[in-house]
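Have a go at each task before you read its solution.

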Amino acid sequence: MQTPTTRYAKSGEVRVAYQVVGHGPVDLVFVPGFISNLEIHWEDPGYAHLLQRLGTFARVIQFDKRGTGLSDRVDTNHLPSLETRMDDVRAVMDAAGSQRAVLLGASEGGPMSILFAATYPERTRALVLYGSYAHFHTWVLNKEALEQFIQGMEKGWGTGASAPSFAPEAAKDKRYRNWWARCERLAASPSAAVALARMNAAIDVRSIVPSIRVPTLVIHRTDDARIKFAGGRYLAQHIRGAKFVEVPGRDHPIWTGDVDRIVDEIEEFVTGTRPEPDYNRVLATILAVRYVVKRGDRHWGERLDSMREAAKKVIARHRGQPIAIGNERISARFDGPARAVRCALALREAVDAIGLSVAAGVHVGEISVHEASVAGVALHVTERIASLAGPGEVLVSAIVNDLVAGSGLHFVERGSQQIEGVEGPMRLLSVMIEQHLEPAPRTAKTPSLDVLSSREREVLDLVADGLSNAAIAQRLRLSDHTIKRHVANILLKLDLPTRAAAAVLIGRQTPA
């Protein structure tokens, strides 16, 4: 989808940036949380999917609050009050030609939406509050925790270090952390971010909540990492006639996790109709590949172009359909898991010839296909699996292993991981060998120990000393099963056939 045009509404002497998405019969103003940047939103697949889904039944008006993103900056010593920010909402609505709209207040955008709905009910069709609160220190951070958070901001703003405190599951993905860091840098300066955090902490709309008289929907994730669940429950209990919906999940941002579940609730509340079953939902095998970039690669741009061309050919050869072939990752869908795994292996060999490395994830699940776009939890789960894979590794979910019996593919256990969107821990396996196909010829090269984790290197040293798995387990105070898994991972990462070969390697690479 092409990024919408950014326009500006004048509120007093300040210009407020806004965009309009979709052509639905109902206007919906999306009031963002702490910080935002309209154009960076579209770089995250989850955020883009959220806006596209909302745009299927509403005309979505999103904006950057003054002092953030693409809107005019303000004096950090004289930040705008909630009343001034309400004026900004009215100015944006007027500029977009909206007389009356549904307000969707997410996180810190909730209190401002509450005040607007209570003050201007004639311009508020309905109110939707997601992951929000009425009093910061009660349901977000107490004063001591706030100071610790601000200290972290002052040291690490723009690095993405704060991502896990908002989205612990999504932040496990390096791509998401990089996007989050970029969003921080382009949404507010460090000084502005600290000032905004202090301003948000001073907000208390508990006395306003009972005066709301518009239809209200409150949505809150059960284990929200940022806003206590009780904060959402309080809003629903103190707003007359409010509907409360609890959804599972830990990640706080509305654009993470099961976005479709949240939008389904909003659509039913706004339109009175639950979305019809999506007959474009299909079961597919998803392949997600991330690039492993070597620092200081002066020829990265040329290699990237070659890699993308190679990916198109390899995916087509394995009867796959590309979802995205971008600057950081590749994704494609297939009608069978064995074909997807073989494509990952072939792609690994193809990029190896270019002098690059990739890490891949493969998973089977339901996706929604709308024209050329693909969405669904399965896609995000596969990307998460790819983020867990090491360089040159193809990591698959247990369901893939179950469906490829007899294909000649072999796997080694990689333990279980908790992945958002999946109930319970997900068992993961790594592709070991493929006996069905002739291996692609490769120039022999000495494996690098740099691909090993510190724990794997420790285990390898003990293997080189001649210790058995049981002895290593006793030495490191770990279980036999854990040591077996570490040894299997070492052999996989170093492309070695036996423990003896690993011992020889460590003997050759360890300085005398």
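**Exercise 1.** Does Gly301 count as buried, partly exposed or exposed, and what is its relative accessibility?

*Solution.* Start with the kind of model: it is predicted, so local features need pLDDT of at least 70 and side-chain atom pairs count only at pLDDT 80 or more, while totals for chains, interfaces and linings use all residues. Residues are numbered from 1 along each chain as its sequence is written, and side-chain values use heavy atoms, with hydrogens and water left out.

Next, apply the scale: buried means under 20% relative accessible area, exposed means over 50%, and partly exposed is in between (1.4 Å probe, protein chains only). Gly301 has 41% relative accessibility, so it counts as partly exposed.

Then place the residue: Gly301 sits in helix α12, residues 300-317. Helices (H or I, at least four residues) and strands (E, at least two) are DSSP runs, numbered from the N terminus. Finally, look across to Asn327, which is 26 residues away in sequence, with a C-alpha to C-alpha distance of 9.4 Å.

**Exercise 2.** Describe the protein chain as a whole.

*Solution.* First, count the elements: the chain has 19 helices and 16 strands. Second, consider burial: of its 512 residues, 56% are buried.

Last, consider the contacts, where contact means heavy atoms within 4.5 Å. Among contacts with a separation of 6 or more, 73% join residues 24 or more positions apart.

**Exercise 3.** Work out how helices α2 and α11 pack, and which residues make the contact.

*Solution.* Begin with the geometry: α2 (residues 45-54) and α11 (residues 259-271) meet at an angle of about 20 degrees, and their axes are 10 Å apart. Axes are lines fitted to C-alpha atoms, for helices over the stretch in contact, and angles run from 0 to 180 degrees between N-to-C directions.

Now classify the angle: α2 is therefore roughly parallel to α11. The classes are under 35 degrees for roughly parallel, over 145 for roughly antiparallel, 65 to 115 for roughly perpendicular, and oblique for the rest.

The crossing of α2 and α11 is right-handed. A crossing is right-handed if the near helix is turned clockwise from the far one by less than a right angle, and left-handed if anticlockwise.

Then list the partners: α2 brings Gly46, His49, Leu50, Arg53 and Leu54, while α11 brings Val259, Asp260, Val263, Asp264, Ile266 and Glu267. By type, the residues of this contact of α2 with α11 are five nonpolar, two polar and four charged. Here Ala, Val, Leu, Ile, Met, Phe, Trp, Tyr, Cys and Pro count as nonpolar, Asp, Glu, Lys and Arg as charged, and the others, Gly among them, as polar.

**Exercise 4.** Which phi value do you find at Arg319, and which at Arg477?

*Solution.* Recall the background: most residues other than glycine have a negative phi. Arg319 has a positive phi of about 60 degrees. Arg319 is in the loop between α12 and β10 (321-325), and is exposed at 55% relative accessible area.

Arg477 has a positive phi near 60 degrees. Arg477 belongs to the loop between α17 and α18 (480-494), and is exposed at 79% relative accessible area.
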